[in-house]
Amino acid sequence: MHINDISEQSLRRRRGEKWTQYPADVLPAWVADMDYRVADPIREALNERIAAGDLGYPVSPARSGLRELFCERVAARFGWAISAQQVVVINDVVQGLYLALQTFSEPGDGVIIQTPIYPPFLKAAKQTGRRAVVCPLQAGRSAFEIDFDQFEQAIDASTRVIALCNPHNPCGRAFSREELERIAEIAVRHDLVIVSDEIHADLVLDDTAHIPIASLSDAVAQRTLTLMSASKAFNIAGLCMAFAHFGSAELQARFERIPGHSRGGTNTLSVAAVTAAWREAQDWQDEVLQTLRNNRARVAAFVAAHWPDVRHFPPQATYLAWLDMRQLKLPTAPQAFLLEHARVALSDGKAFGPEGEGFVRLNFATSPDILEQILLRMQTALDVYAGK
Ligand SMILES: Cc1ncc(COP(=O)(O)O)c(C=O)c1O
């Protein structure tokens, strides 16, 4: 069966938040889950565990083989040579972000964050009592760009961490080697720890490879904690498992002082699913990436044809379109307007920091048919408002 063989009716039977948060006449394109059918090898592995009644405590991460599998995968895909001893299995990437801030900085210390940003970055700084030092990405000619002067100026004596999001959610940037080298050089010069959320690494849609910042050099790896998982690219976020890689034994030892029970880790189903994803589901993921590229092109063409006042840079990575609707001068925030008048649920740009006000984030990881309905509903609502 094809990944796109999904109907709205079947999706509405799901119990996750994407399809249950809003009333039944609303099409959801908000939270970063994909609508595609899960890969057959993952489904079979989960079914097998359940049929065997195998829901007790899982084997330890060290015995599961998953850390080795993770290393094999990043070596093959990103040319990043790391060893299993440097990898700690945790519950999820956001947990890793919180624990890293708590471990590698003190209350009141500054954390560099490139806004607009996936909301838990800002929440993690706030809730752990750290200071979010925001360095907004700037709209360039064809993509969002880093203002390095501002980045550098934002650093002061109490800045400890750069919380990097690469590929970047919601701006869709897959940062170039040059950009990453400049970030890394600043980190070295100011003695900052880099916490690099690379959860979207497998979702680079352009014809370029993802570059883990820790792979730039040993000196960069020495100050970097990289967070990755199978959850975004294989659509199994609900199973909860993530991987933290430490290029420094010292940083790793500090992190591992957090009691194991606070770090969480694995469960029988996540072990089965992640193993199947990385061993057997690459064909599925390649098919997904092709659909995402097509959908990305469809969104770009639609925006260009119908909404000349909406600024949109097609994302280099992720399945998220970040639409600047400020010029439309809608009477309410675009997210609220489109929910009410188009019955489409997008993510409100404001949640991604003040720079996101007037923007919406559209998740296009659905079938071409459903995406078309989403876009047409938005067009109708915007046309009525514009008096067309
Ligand atoms: C950049 C980024 N980091 C982390 C997450 C969530 O990861 P997890 O479910 O492993 O906490 C997401 C989910 O959309 C994300 O976009």
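P167 sits in the loop between β7 and α9. The model I am reading is a predicted one. N166 and P167 are joined by a cis peptide bond, with omega about -5°.

I then turned to another proline. The peptide bond from T115 to P116 is cis too, with omega near -10°. I looked up where P116 belongs. P116 is in the loop between β3 and α7, and α7 covers 120-127.

**Strand β7**

Six of the seven residues of β7 are buried, so the strand is largely enclosed by the rest of the structure. The cut-off matters here: a residue is buried because 20 or more other C-beta atoms lie within 10 Å of its own.

**Partners of β7**

Which strands pair with β7? I found β3 (residues 110-113), which runs parallel to β7 and is joined to it by four bridges. I also found β8 (residues 193-197), which pairs with β7 in the parallel sense over five bridges.

I picked out I162 in β7. The bridge partner of I112 is I162. I162 also stands opposite I194 in β8. From β7 the chain crosses through helix α9 (residues 177-189) to β8, and this β-α-β crossover is right-handed.

I noted one general point about strands. In a regular strand the side chains alternate between the two faces of the sheet.

**Positive phi at C240**

C240 has one: its phi is near 65°. C240 lies in the loop between β9 (224-228) and β10 (242-246). Is C240 buried or partly exposed? I checked the count. C240 has 18 other C-beta atoms within 10 Å, so C240 is partly exposed.

**Positive phi at R343**

I found a positive phi at R343 as well. The value is about 55°, and R343 is not a glycine. Where is R343 placed? I traced R343 to the loop between α15 (334-342) and β13 (344-345). With 17 other C-beta atoms within 10 Å, R343 is partly exposed.

Technical notes:
Residues are numbered from 1 along each chain as its sequence is written. This is a predicted model: local features need pLDDT of at least 70, side-chain atom pairs count only at pLDDT 80 or more; totals for chains, interfaces and linings use all residues. A residue is buried if 20 or more other C-beta atoms lie within 10 Å of its own, exposed if 12 or fewer, and partly exposed in between; C-beta atoms are placed from the backbone. Helices (H or I, at least four residues) and strands (E, at least two) are DSSP runs, numbered from the N terminus. Two strands pair if DSSP finds at least two bridges between them. A crossover is right-handed if, with the strands pointing away from the viewer, the path from the first strand over the helix to the second runs clockwise.
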